[in-house]
Amino acid sequence: MFEGAAVVRLEDGSGRCAGRVEVKHQGQWGTVCGDSWDMTDAAVVCKQLGCGSALEAHMYGDFGPGSGPIWMDEVGCRGTESALSDCTHNGWGQHNCNHGVDAGVTCSGFRLVNGSTACEGRVEIHVLGTWGSLCASHWDLLDAHVLCRHLDCGFAESIPRGGPFGRGTGPVWRDSFHCDGTEAHLGQCPVTALGASPCSHENNAAVICSAGSASLRLVGGGSRCDGRVEIFQHGTWGRVLDDQWDMQEASVVCRQLRCGEAETAYNPPKPQRGTGPVGLRGVRCAGHEANLTLCNTSLPESMLAAGIAEDVGVVCWGSRQVRLVNGPGRCAGRVEIYYQGSWGTICDDSWDLPDATVVCHQLGCGGAVKAVGSAHFGEGSGQIWLDAVNCSGAEAALWDCPAGSWGQHDCGHKEDAGVDCSG
């Protein structure tokens, strides 16, 4: 006789979307053994509960021991199931476990709805037991990149405005995320919880992720636009190896990732090399291709044997970032710029309010209250990247302002510049 899907719940967590997994079978609640419990199993539970995607699979009773029967052991989900009870397991009540290893999950509370694929749609977040839309007023591409990557959807291609994925029906949350693009999920980003608000359903946050069959990503860098190159093929991420990696190939990678022009093509040093499977070995680009897989990737073995194929990396223009360090909050502090893979400071020569204004606007921190010098927020370390910065105040980014050449200065860190923003 066909039985409907067994009901699941999460107990002793921080809300209904995190906790110890419990299953109702034959009218009685019981637990799931943590043996071989993994993210694929956790993802099915989160999906069944309408809790977004899985952040973590807990194997060792992290939410405390349950009681009653241990209903499931050696669970083996494929990820496509709509309910945990559709996954393979040893049989109801068949186990060799104790409640000390009860399985648990933490779900993300983020999902995309109303898109034509799983990798586009209106952004919804789960707050206080309720799914609601996210106000778009503070939603940006860096936040969207983090969500796309967490959902295994590549990177964010666009964040369309104007409600292309329909109106939500629940509350509109005004949470403001401050991601730098490197986080594993939105839960790791600093957030300003602004509560429910008059923000309308016409102004809902949305994203279209790349989700291509041959998506690329850069790993090990300080931003999503620099690092070692990996390619997604046949359901898995693999390394890209080459023996003549240069700016032509790097240009294609940067363009494909919407990261601007290429600054550097390099082979990562030994500690930063990959260890996983190889997705692509040997590639020759002309430099104008829209996608790395459109380059010549079927090189003869004799050509590859002539050189040593190594992991490859790129630094794109889009890797540049700015941050404020050592201040009382994220909107005040010493100005630091991420350039060519490392963080550095700015010299205070001719540093003034228009310069500070550009930094504050760039960080979404309102206007500039003060431009400070003489290492007011402490001395930095590493490179001093810019000197004699001379912004008008209207530039979109600090590096769009007139300044000396990158790394050219006559300063010491005792002259590091800082800002205090209104936000």
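**Entry 1: C17 and C51**

I started with C17 and C51, and both are buried. The model is a predicted one, so I read each value below as computed from it. I looked up the sulfur atoms of this pair and found them 2.0 Å apart, a disulfide. I noted -70 degrees about the S-S bond, a left-handed link. I then placed the two ends: C17 sits in the loop between β1 (8-15) and β2 (18-25), and C51 in the loop between α1 and β4 (54-58). I recorded the pair as a link between distant parts of the chain, 34 residues apart.

**Entry 2: C46 and C107**

I moved on to C46 and C107, whose sulfur atoms are 2.1 Å apart and form a disulfide. I found -90 degrees about the S-S bond, and the link is left-handed. I asked myself which parts this pair ties together. I checked burial for each end. C46 has 0% relative accessibility and therefore counts as buried. C107 has a relative accessible area of 7%, so I put C107 down as buried too; the cut-off for buried is under 20%.

**Entry 3: C331 and C365**

I looked up C331 and C365 next and found a disulfide with an S to S distance of 2.0 Å. I read a torsion of about -70 degrees about the S-S bond, so this disulfide is left-handed. I located C331 in the loop between β22 and β23 (332-339), and C365 in the loop between α5 and β25 (368-372). The pair therefore ties together parts that are 34 residues apart in sequence. I wrote down a relative accessible area of 10% for C331, which is buried. C365, at 1% relative accessibility, is counted as buried.

I also took the total for the structure, which is 14 disulfides. The pairs I have written up are among them: C17 with C51, C46 with C107, and C331 with C365.

**Entry 4: the largest pocket**

I turned to pockets. I noted a volume of about 1,300 Å³ for the largest pocket. I found 46 residues lining the largest pocket, with D140, L142, C179, Q362 and L363 closest to its centre. I asked which elements each supply at least two residues of this lining. My list reads α2 (141-150), β10 (156-158), β12 (176-177), β22 (321-329) and α5 (353-362). I sorted the lining by class and got 20 nonpolar, 16 polar and 10 charged residues.

I recorded a volume of about 630 Å³ for the second largest pocket. I found 19 residues in its lining, and A43, S53, A54, H150 and L151 are nearest its centre. I noted that α1 (39-48) and β7 (110-114) each give at least two residues to this lining. I asked which element gives the largest share. I found that α1 does, with 4 residues. By class I listed 11 nonpolar, 5 polar and 3 charged residues for the lining of the second largest pocket.

Terms used: Residues are numbered from 1 along each chain as its sequence is written. This is a predicted model: local features need pLDDT of at least 70, side-chain atom pairs count only at pLDDT 80 or more; totals for chains, interfaces and linings use all residues. Side-chain values use heavy atoms; hydrogens and water are left out. On a 1 Å grid over the protein atoms alone, a cavity is a set of points where a 1.4 Å probe fits but cannot get out, and a pocket is an open set with protein on both sides within 12 Å along at least five of seven lines; lining residues have an atom within 4 Å of a point. Grid points are joined across faces, edges and corners, and a volume is the space filled by probe spheres set on the points. Ala, Val, Leu, Ile, Met, Phe, Trp, Tyr, Cys and Pro count as nonpolar, Asp, Glu, Lys and Arg as charged, and the others, Gly among them, as polar. A disulfide is a pair of cysteine sulfur atoms within 2.5 Å. Buried means under 20% relative accessible area, exposed over 50%, partly exposed in between (1.4 Å probe, protein chains only).
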